[in-house]
Amino acid sequence: MNLKALNRSLWAFHFNSGSCNGCDIEIVAALTPRYDIERFGMKLVGTPRHADVMLLTGPVTNDMEEKLRRVFEQMPEPKAVMVIGNCGSTGGVFYESYNIAGPADKIIPVDVFVAGCPPRPEAIIEGVAKLWAKLEKKVDR
Ligand code: SF4
């Protein structure tokens with residue numbers, strides 16, 4: 001597989017692991033014509049089986065832990081995970097809450113963290129650029 005080509009046409013599956021929807025709305029904003037993340041080749045797909053990258057929001061509630069593992073396993077290799085928002089990165093406002101299994105990297109491997117509560121669309125686009133750089137290093141090895 002040509003990973004350099006894959007880098008520039010990342011298909012993303014959005015997984016909400018218990019978010020308040022703030023981060024999810026910013027992902028939607030990144031897709032609108034104003035920010036137009038599709039100009040960088042990224043688009044949302046409806047199934048993890050077609051996805052190169054998971055856009056993960058939320059702190060990963062106990063209820064969502066097993067579902068997250070299953071969805072991650074359904075993604076074909078090579079795959080990447082981008083956590084969007086403080087909740088998925090560190091627990092955020094739900095840190096050490098009784099019903100939280102996250103943060104995300106306790107459950108699945110994470111490639112890029114995008115900080116913010118919620119992060120702005122520009123930060124999400126910067127996260128995509130970081131992901132490209134990371135994937136390109138993997139290709140150069
Ligand atoms: S990081 Fe903030 S905006 Fe995003 S899901 Fe958590 S509480 Fe909501």
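A nonpolar core is here a set of buried Ala, Val, Leu, Ile, Met, Phe, Trp, Tyr and Cys residues joined through side-chain atoms within 4.5 Å; buried denotes under 20% relative accessible area, exposed over 50%, and partly exposed the range in between (1.4 Å probe, protein chains only). The model is a predicted one, in which local features need pLDDT of at least 70 and side-chain atom pairs count only at pLDDT 80 or more, while totals for chains, interfaces and linings use all residues. Residues are numbered from 1 along each chain as its sequence is written, and side-chain values use heavy atoms, with hydrogens and water left out.

**First stop: the cores**

Select Val53, Met82, Ile84 and Leu131, the residues with the most contacts inside the largest nonpolar core, which has 21 residues. Next, colour α2 (22-31), β3 (53-57), β4 (80-84), β5 (112-114) and α5 (121-140), the elements that each give two or more residues to this core. Helices (H or I, at least four residues) and strands (E, at least two) are DSSP runs, numbered from the N terminus. The largest share of the core, six residues, comes from α5. Apart from this core lies another, of 19 residues, including Phe15, Val83, Ile107 and Ile108.

Centre the view on Ile84. Leaving aside neighbours within four places in sequence, Ile84 is in contact (heavy atoms within 4.5 Å) with Cys23, Ile27, Leu55, Leu56, Thr57, Val114, Pro119 and Ile124.

**Second stop: valine 81**

Move to Val81, which is found in strand β4. Is Val81 buried or exposed? Its relative accessibility is 1%, so Val81 counts as buried. Beyond its neighbours within four places in sequence, the contacts of Val81 are Met54, Phe72, Ile108, Pro109, Val110, Asp111 and Val112.

The structure holds five salt bridges, each defined as a side-chain nitrogen of Lys or Arg within 4 Å of a carboxyl oxygen of Asp or Glu. Asp63 is exposed at 55% relative accessibility, whereas Lys67 is partly exposed at 35%.

Finally, select Arg69, which is partly exposed at 29%. Arg69 forms a salt bridge with Glu65 (2.5 Å, N to O) and one with Glu66 (3.8 Å, N to O). Through shared partners, these salt bridges join Glu65, Glu66 and Arg69 into one network.
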